[in-house]
Amino acid sequence: MNTAMNNDAHERARKLTALAGPEALPGADQTWLAAHLETCASCRAFAENARETIHALRAIPIAAERSLVSTTQTKVRRRALELQQHRERLWLVSISCTAVTLFALLSAVALWRGFEWLGARAQLASSVWQVGFLVFCVMPALVAGILLLAKDTHLANHTGSYQG
Amino acid sequence: MNATAFYFESSMAQESTEIARGLRRRDPDLLDRLIEQYQHRLLRYLVYLTGRRALAEDLFQETWIRVLERGHQYKDKYAFSTWLFAVARNLAIDHMRRKQPASLDGLLNDGEAPFDVPATGQASAFDVALRREQNEHIAAGMQHLAAEYREALVLRFQEGMSLEEIASVARVPLGTVKSRIYRGLSALEPWLKGAPL
């Protein structure tokens, strides 16, 4: 029982020694550790070795070479430029999308009125001119989709142009 | 004393805020300055973490690119160095995962000796020789330590980080950090007098 307690005390002392770093140990721990080290030669030796090990650790110099630093700075600047250009392109695309959406909305309203007027003039049922309006609106996207799907198929020749 | 501590704390907080602001703007001048400022500390951390100088240099460059790209994620309530080391650590782990599915355990030695101890300057011949010998032994011992112990030791004794900061970088509980430091230091102890049998 006593030996177990002693072992606990040694382990505690060694852990406190190892963990004592930039910030000081709490007062009670520091007092206890100092008292223990006074009486325990093996923990004192551990503390001394730990001190020397830490000193040796700090003495291993690893420095970055100038070329590494300048290469890194160049790469970072280049990447920053790429990101900035990407952001600018994204901004342009966003503005274009917004403009296209607004124009599409406005022209859709105008077209709707136009089809309505034509339908009335031609005395067509409202469902007919409404279908006509829908086909007219969807047609460009439909044609573009068909052409894109037809790319690299038997409809396109090797130069990429479409056969008639 | 309290006024001095307050001054340092507030100036550090102000610096962190400026860094966070600059990183959100992706300010290249700020990044240049940060690369200069943290060059040795970051490289040293990566060399200890990976155990390989060449790999550490590659990761050094990747880390700064990542800092540029993800700079908006930096929160100024943390020290910049803590975030920087966490970024570097994640990249090192990603690198090892690509090579083999493992965490830091994959960062083992492959015969390279990255912790070369250069000849020390003047001072008493015997002391210098003794110190140099000890440093060489410890450098050799470091190569035999597991990566997580090396990491804990370098962050604690070279970077002077608090236990909480180390826990934050390594993303492990405080108890694990304490245990790694204690075990790492204990494992290095036999190396102080030379390679253990």
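# A guided tour of chains A and B

Start by selecting Arg21(B), Arg24(B), Lys75(B) and Lys77(B), which gather in a patch of positive charge on the surface. In this tour Lys and Arg count as positive and Asp and Glu as negative, while His and the chain ends are not counted. Patches are built from residues with over 30% relative accessible area and no salt bridge, joining like charges within 9 Å and nonpolar side chains (Val, Leu, Ile, Met, Phe, Trp, Tyr) within 5 Å. The place of a charge is taken as NZ of Lys, CZ of Arg, CG of Asp or CD of Glu.

Before moving on, two notes on what is on your screen. This is a predicted model, where local features need pLDDT of at least 70 and side-chain atom pairs count only at pLDDT 80 or more, while totals for chains, interfaces and linings use all residues. Residues are numbered from 1 along each chain as its sequence is written, chains are lettered from A and ligands numbered from 1 in the order in which they are written, and side-chain values use heavy atoms, leaving out hydrogens and water.

Lys77(B) sits in the loop between α3 (53-70) and α4 (80-99) of chain B. Helices (H or I, at least four residues) and strands (E, at least two) are DSSP runs, numbered from the N terminus. Is Lys77(B) buried or exposed? Lys77(B) is exposed, with a relative accessible area of 66%. Here buried means under 20% relative accessible area, exposed over 50%, and partly exposed in between (1.4 Å probe, protein chains only).

**The two chains**

Color by chain and look at chain A. Chain A has five helices and zero strands. Of its 164 residues, 23% count as buried. Chain A exposes about 11700 Å², with carbon and sulfur atoms supplying 65% of it. Accessible areas come from the Shrake-Rupley method with a 1.4 Å probe, and for residues only the protein chains shown count as cover.

Switch to chain B, which has eight helices and zero strands. Buried residues make up 50% of the 197 residues in chain B. The accessible surface of chain B comes to about 9700 Å², of which 53% belongs to carbon and sulfur atoms.

In chain A, residues 24 or more positions apart account for 25% of the contacts with a separation of 6 or more. In chain B, 65% of contacts between residues at least 6 apart in sequence join residues at least 24 apart.

**Salt bridges**

Side chains of opposite charge can pair when their charged atoms come close. A salt bridge here is a side-chain nitrogen of Lys or Arg within 4 Å of a carboxyl oxygen of Asp or Glu. How many salt bridges are there over all chains? The count comes to 13.

Select Arg77(A) and Asp32(B): they form a salt bridge, the closest N and O atoms being 3.0 Å apart. Arg77(A) lies in helix α4 (residues 66-121) of chain A and Asp32(B) in helix α2 (residues 28-50) of chain B, so the pair joins two chains. Arg77(A) is partly exposed at 35% relative accessible area, whereas Asp32(B) is buried at 18%.

Next, pick Arg79(A) and Glu69(B), a salt bridge whose closest N and O atoms are 2.7 Å apart. This pair also crosses between chains, from helix α4 of chain A to helix α3 of chain B.

**A buried asparagine and a nonpolar patch**

Go to Asn49(A) in helix α3 (residues 41-58) of chain A. Asn49(A) is buried, with a relative accessible area of 16%. Which residues does Asn49(A) touch, not counting residues up to four places away in sequence? Asn49(A) touches Glu189(B), Leu192(B) and Lys193(B).

Then find Ile146(A) in helix α5 (residues 126-150) of chain A. Ile146(A) counts as exposed at 52% relative accessibility. Ile146(A) is one of the residues of a nonpolar surface patch with about 760 Å² of accessible area together, others including Val131(A), Leu134(A) and Met139(A).

**Last stop: positive phi**

Most residues other than glycine have a negative phi. Gln123(A), in the loop between α4 and α5 of chain A, has a positive phi near 55°. Arg171(B), in the loop between α7 (163-170) and α8 (174-188) of chain B, has a positive phi near 50°.

Terms used. Contact means heavy atoms within 4.5 Å.
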